[in-house]
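Please read the points below beside the sequence and the model, taking them in order.

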Amino acid sequence: MTKYEFINGLKAALENDLSSNLVQEHVNYYNDYINSEIRNGRSESEVIAELGDPWALAKNIIATEGAGSSSY
């Protein structure tokens with residue numbers, strides 16, 4: 001999987017459950033993280049493999065965001 005595929009998968013997985021602002025925040029965070037790791041000498045495929053399935057990651061993000069908003 002490429003960075004493009006990972007980011008698009010993450011965005012698609014988040015779009016139905018989070019606001020567009022939160023989706024963009026998370027997409028930007030992971031895009032920046034991947035770029036930073038590549039600049040530090042890691043391969044794109046290595047970083048993507050470490051992050052795992054974008055849909056599983058999105059599920060954790062949605063659960064965390066939901067837990068955070070329900071505490072108010």
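**Notes on the model**

1. Glu65 has its place in helix H4 (residues 54–69), where helices (H or I, at least four residues) are DSSP runs numbered from the N terminus. The model is predicted, so local features need pLDDT of at least 70 and side-chain atom pairs count only at pLDDT 80 or more, while totals for chains, interfaces and linings use all residues. Residues are numbered from 1 along each chain as its sequence is written, and side-chain values use heavy atoms, with hydrogens and water left out.

2. With a relative accessibility of 24%, Glu65 is partly exposed, a class lying between buried (under 20% relative accessible area) and exposed (over 50%), for a 1.4 Å probe and protein chains only. Leaving aside neighbours within four places in sequence, Glu65 is in contact with Leu18, Leu22 and His26, contact meaning heavy atoms within 4.5 Å. Glu65 and Leu18 are 47 residues apart in sequence, yet 8.2 Å apart in space, C-alpha to C-alpha.

3. The axes of H1 (residues 3–15) and H2 (residues 20–39) come within 10 Å and cross at roughly 160 degrees; axes are lines fitted to C-alpha atoms over the stretch in contact, with angles running from 0 to 180 degrees between N-to-C directions. H1 and H2 are therefore roughly antiparallel, the term for angles over 145 degrees.

4. Which residues of H1 and H2 meet? Lys3, Phe6, Ile7, Leu10, Lys11, Leu14 and Glu15 in H1 meet Val23, His26, Val27, Tyr30, Asn31, Ile34 and Asn35 in H2.

Technical notes. Helix = DSSP H or I, 4+ residues; strand = E, 2+ residues; numbered from the N terminus. Parallel < 35°, antiparallel > 145°, perpendicular 65-115°, else oblique.
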